[in-house]
Structures are given as structure tokens and as C-alpha cells.
Amino acid sequence: MAPTYKQRYYTPLEVEQHSSSKDLWVSFLGKVYNLTPLVEKNAGDILLKPILNAGGKDISHWFNTNGTNKSDFDPQIRTHIDAKTGCEVPYIPQGRFIHIPPPYPSASWANDFGTPWWKDESYCIGHLSTKTRKIRIINTLTSQEHTLEVCSEETLEEILNRFYKYNKHAGSYTWKYNGLNLTMTKTLEQNGVKDEDEEFYELNFNEEDWLPAIHVYFNDDLTEA
């Protein structure tokens, strides 16, 4: 049985697969958010429309990126100067959405919702990978081969957890590259498995033909299924 673990990094494709009103993720400013609870809480609200339309996408362009960094993460909605009032207001060409105030004073506006959703870290489930890469994993026992898209920031242990969907006994294998054992607590790059896709692009090579191959060798003891 695959061990339970908290996934730290996600690929854009993984985010893209969660785009329905019953299962909605977005990413922005390098983080991934599961907004399904927000959608459920505000079901039927017209202000959900921009969020529903953004399901599975990166919405970093909704935010001001100036000054945003990992140590002081404080996302701010982009603003502009309203031509009619001369006031600084949220810049929302996609339409007003949940927790954004109306453009003009309104008695119906309730601002007692607490933390706006884009600053509520309870929705955050991990980080968006800054660079994904593909690898081949070849099972030397069965000769089966699988191609995985992984996050460059992930350790081999985390990639192993991705591989459990293909082999429930994945933890009973030794992982090697070019005949050398891989250190499972290190990333591919730290293990000497270089990411050369940019070089292949410059040389007009098909990356799919040159994916690095990780060979996994079965140990005698099966993990519990």
C-alpha cells in the first residue's frame, strides 16, 4: 500500500484537471489553491462566475506581483485609477468576484467575511512547480516502462510516491541511474540526472526521444500490498 504523504509540488497539468464547480483548483504566484470549499460556501452567488471560469488555470495576472516573495507572501489584487472617480480600485477585467467590494458604496455590501480567499492559506495545498520534466522509469523485473511528468523540486521519494499508481510495490525497488544508486532524499538534478530539454530544443531534437531513464531493481522483500 502506498504510504500517505502531503504532496508539496504540483504540475500545471495536475491543476488543470480540477476545473469543475465540484472540484476547483487554481494557481497563482507560485502556489496551488483548492477553492472547492469556497465554491460550496457561496453556491449560487453571481460573484463566483469569474472563479468558476478560472478553474484549473493560473490566475497570477489577477494580482500585483511587486514585492511578493516567499518570506513575505501577501498577495494583493491589481488596482488601477477609476476614470470616473479618480480613486484607486481593483482592476478586474474578468469581472467582480467573491470578496471584491462594489465599485461604489453600497448598503448591501457585507465586509464581515474575515480574510479574503486569496489571503486564506487554508485553501493552499502546495506549490506550483517552476519547472516540470519528464523521465522514464523502467522496471527491470517486468520490463514495463512508464513516462512520468514530475516537478523539478521533488525528491526521488516524492517521485516514488507518484510511481505508486503504476506499481503498488514501488517501495520494494532500488532506483538507479547509469548504474548508480540514487539518493532518494535528493532531487533528480542533485542525483546527477540533468534536465537537458532546453539544449534539445536549441538543437531541434525531440525531447521525447531523449528522456533520462531511471531503472528500478526489485528487492527480495515485497512491501505490504
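Me: What covers the buried residues of α4?
Reply: In this predicted model, the elements that cover them include β1 (9-10), α1 (12-16), β10 (132-139), β11 (145-151) and β12 (173-177).

Me: What makes helix α4 (residues 156-163) largely enclosed by the rest of the structure?
Reply: Seven of its eight residues are buried, so the helix is largely enclosed. The buried residues are Leu156, Glu158, Ile159, Leu160, Asn161, Arg162 and Phe163.

Me: Why is Lys31 called buried?
Reply: Buried means under 20% relative accessible area. Lys31 has 14% relative accessibility, and therefore counts as buried. This residue lies in strand β4 (residues 31-34).

Me: Which residues does Lys31 touch, not counting those up to four places away in sequence?
Reply: Lys31 touches Val26, Phe73, Glu121, Cys124, Gly126, His127 and Leu128.

Me: What makes the pairing of the Lys31 and Glu121 side chains a polar contact?
Reply: The cut-off for a pair of N or O atoms is 3.5 Å. The side chains of Lys31 and Glu121 are joined at 3.1 Å, and the pair counts as a polar contact.

Me: Why is Cys151 called buried, and why is Cys87 called partly exposed?
Reply: Buried means under 20%, exposed over 50%, and partly exposed in between. Cys151, at 1% relative accessibility, is therefore buried. Cys87 has a relative accessible area of 42%, and so is partly exposed.

Conventions
Residues numbered from 1 in each chain as written. Predicted model: local features only at pLDDT ≥ 70, side-chain atom pairs only at ≥ 80, totals over all residues. Heavy atoms only, no water. Buried < 20%, exposed > 50% of the residue type's maximum accessible area, 1.4 Å probe, protein only. Helix = DSSP H or I, 4+ residues; strand = E, 2+ residues; numbered from the N terminus. Contact = heavy atoms within 4.5 Å. Polar contact = N/O pair within 3.5 Å; in protein donor to acceptor, adjacent residues only side chain to side chain.
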